[in-house]
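Here are my notes on this one, as numbered points. Have the structure open while you read.

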Amino acid sequence: MDINAHTQFCGVIGNPVEHSLSPAIHNAAFQKLGLNFVYLAFRVEAIGDAIKGLRALGNFRGASVTIPHKVAAVPFLDAIEPTARHIGAINTIVAVGETLTGYNTDAIGALRALREGGVALKGQHVVILGSGGAARAIAFSLGAEAGIGRLTILGIDSQERTTLAQDLQSKTGMAVRESPLDEGTLREILPDTHVLIHCTPMGMSPNVHKTSVPAALLHAGLTVMDIVYNPRSTQLLKDANAVGCRVIPGLEMFLHQASAQFELWTNQAAPTDVMRAVLESRLP
Ligand SMILES: NC(=O)c1ccc[n+]([C@@H]2O[C@H](COP(=O)([O-])OP(=O)(O)OC[C@H]3O[C@@H](n4cnc5c(N)ncnc54)[C@H](OP(=O)(O)O)[C@@H]3O)[C@@H](O)[C@H]2O)c1
């Protein structure tokens, strides 16, 4: 990589960031297209100070924003894309001159992963497990674009879950049902579910044998997307595969949220084959 006085830079802002795969995938993509860009990782505590500093640097092109700053970054930006505003969180900053705009490509990435996986959402009953940040982004992306039939949110945190359902109803007009995430509710709801999207940390490394859904409740008519991407094949996805479900791994959402960021910063189609190969080589 030839870094010179014209190089534009992007980076991930979070805390911690040392584990991030984003530098590897974005730098591989910049190199593949021969772009004079570089992507770094910045461990940041004072998010407002960091954004103020970045705004003043002429060759800053944008950033990924990760835990714990996705909500806190919002008031420091000049504009927020409408779906990200409804979500109340961003994961991407795009700089044009000194104007900084926030986007949420987690939402875009989840929808792209479903579409690329051949899932037609129109008229379908979609069930989201979890009501945290990622569940919120995905629920609003479904409300904004997909024309789904019904949405049910199951989560362990009753306040977070009801707030999400109320926000969705008031901001998108989508009818939403919400219930506790437990075996009894899953037993009742899953026979009548088309698309199941798992958005809790259950099954994430090192707890690789854990799952939110007892295997016996899965059926071949389900599409199962697990947004956990480490490991690439979670216990939920293994169980879903075993009964013949269509499965969409979390790696696909991670890839597509990154490719959407790349496109926002460079105005070029992302080389997703190169980015996927980097992710596959780094994730167990
Ligand atoms: N593939 C991708 O591109 C992508 C993107 C974003 C996130 N993710 C993954 O998605 C997962 C969730 O991320 P997030 O940002 O939404 O996290 P978050 O904001 O912390 O939300 C997690 C939610 O899951 C609940 N939860 C925690 N432990 C649980 C358990 N054992 N059973 C059921 N629910 C549980 C939490 O409830 P409490 O608040 O009560 O703990 C919270 O509602 C993480 O594994 C993350 O790595 C993947």
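1. A definition to begin with: Ala, Val, Leu, Ile, Met, Phe, Trp, Tyr, Cys and Pro count as nonpolar, Asp, Glu, Lys and Arg as charged, and the others, Gly among them, as polar. On that scheme, the shell around the ligand holds twelve nonpolar, five polar and three charged residues.

2. Keep in mind that this is a predicted model, where local features need pLDDT of at least 70 and side-chain atom pairs count only at pLDDT 80 or more, while totals for chains, interfaces and linings use all residues. Residues are numbered from 1 along each chain as its sequence is written, and side-chain values use heavy atoms, with hydrogens and water left out.

3. Who is around the ligand? There are 20 residues (a heavy atom within 4 Å puts a residue on the list), and Gly133, Ala134, Glu160, Met204 and Ile227 come nearest. Helices α5 (133-146) and α9 (250-266) each supply at least two shell residues, with α9 giving the most, three. Helices here are DSSP runs of H or I, at least four residues, and strands are runs of E, at least two, numbered from the N terminus.

4. Now the polar contacts, meaning pairs of N or O atoms within 3.5 Å. Glu160 places a polar side-chain atom 2.4 Å from a ligand oxygen. Gly133 uses a backbone N or O atom, 2.9 Å from an oxygen of the ligand, and a polar backbone atom of Phe254 is 3.3 Å from a ligand oxygen. Taken alone, the ligand exposes 920 Å², and the protein buries 70% of that (Shrake-Rupley areas, 1.4 Å probe).

5. Where does the ligand sit? In the largest pocket. A pocket is an open set of points on a 1 Å grid over the protein atoms alone, where a 1.4 Å probe fits, with protein on both sides within 12 Å along at least five of seven lines; to sit there, a molecule needs more than half of its atoms within 2 Å of the grid points.

6. Have a look at the open six-stranded sheet, order β2-β1-β3-β5-β6-β4, with mixed pairing. Its edge strands, β2 (37-43) and β4 (79-80), each pair on one side only. Pairing takes at least two DSSP bridges; β1 (residues 8-14) and β2 have seven, in the parallel sense, and Gln8 stands opposite Phe37 in β2.

7. Some backbone spots to check. The Ile67 to Pro68 peptide bond is cis, omega near 10°, and Pro68 lies in the loop between β3 (60-65) and β4. Asn230 to Pro231 is also cis, omega near 15°, with Pro231 in the loop between β11 (223-226) and α8 (235-242).

Note on methods
Polar contact = N/O pair within 3.5 Å; in protein donor to acceptor, adjacent residues only side chain to side chain. 1 Å grid on protein atoms, 1.4 Å probe; cavity = no way out; pocket = protein on both sides within 12 Å on 5 of 7 lines; lining within 4 Å.
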